[in-house]
Amino acid sequence: MITKYHVEYGLDLGGHTQVSNYQTDDPVACEEFLLALLERSGHLRSIKHEGVELSRHDADKLLKTAAGMLAAKHLCACLKIKPEEERHRFGFTA
């Protein structure tokens with residue numbers, strides 16, 4: 001059985017890029033993984049859904065959601081505010 005989401009990514013390990021894979025059936029878990037990848041400056045190679053590489057538009061939607069989640073996380077930490085206030089003031093939290 002093919003997992004719903006398959007992310008191929010690389011992490012820079014002192015001049016050498018280690019290529020790895022992440023797989024999940026949960027779309028929210030996939031977005032949270034992309035958030036972590038963005039936060040660690042990982043190198044995204046591809047995102048597949050049920051074995052088929054996502055279109056640029058669909059991949060960009062997932063990345064935009066993850067980037068918004070990351071922005072919300074950092075705003076809450078920086079301003080010491082709750083997600084509800086962040087959502088009201090900045091509108092990133094989903």
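Which residue of E3 does His6 stand opposite? In this predicted model, where residues are numbered from 1 along each chain as its sequence is written, local features need pLDDT of at least 70, side-chain atom pairs count only at pLDDT 80 or more, and totals for chains, interfaces and linings use all residues. Side-chain values use heavy atoms, with hydrogens and water left out.

**View 1. The pairing of E1 with strand E3 (residues 43-49) is antiparallel.** His6 stands opposite Lys48 in E3, and Glu8 stands opposite Ser46 of that strand. The pairing of E1 and E3 runs over six bridges, where strands are DSSP runs of E with at least two residues and helices are runs of H or I with at least four residues, numbered from the N terminus. Two strands count as paired if DSSP finds at least two bridges between them.

**View 2. The open sheet has four strands in the order E2-E1-E3-E4, with antiparallel pairing.** Strand E2 (17-24) and strand E4 (52-53) are the edge strands, each pairing on one side only. Between E1 and E2 the antiparallel pairing extends over eight bridges, and Leu11 has Gln18 in E2 as its bridge partner. The hairpin of E1 and E2 has four residues between the strands, and in this hairpin Gly14 takes a positive phi near 65°.

**View 3. The largest nonpolar core contains 14 residues.** Such a core is a set of buried Ala, Val, Leu, Ile, Met, Phe, Trp, Tyr and Cys residues joined through side-chain atoms within 4.5 Å, with buried meaning under 20% relative accessible area, exposed over 50% and partly exposed in between (1.4 Å probe, protein chains only). Val7, Cys30, Leu34, Ile47 and Leu62 touch the most other members. Strand E1 (5-12), helix H1 (27-39) and helix H2 (56-79) each supply at least two residues of this core, and H1 gives the most, with five residues. Leaving aside its neighbours within four places in sequence, Leu62 is in contact with Tyr5, Cys30, Glu31, Leu34, Ile47 and Leu54, contact meaning heavy atoms within 4.5 Å.

**View 4. Phe90 lies in the segment after helix H3 (83-89).** Phe90 is described as partly exposed because its relative accessible area is 36%.
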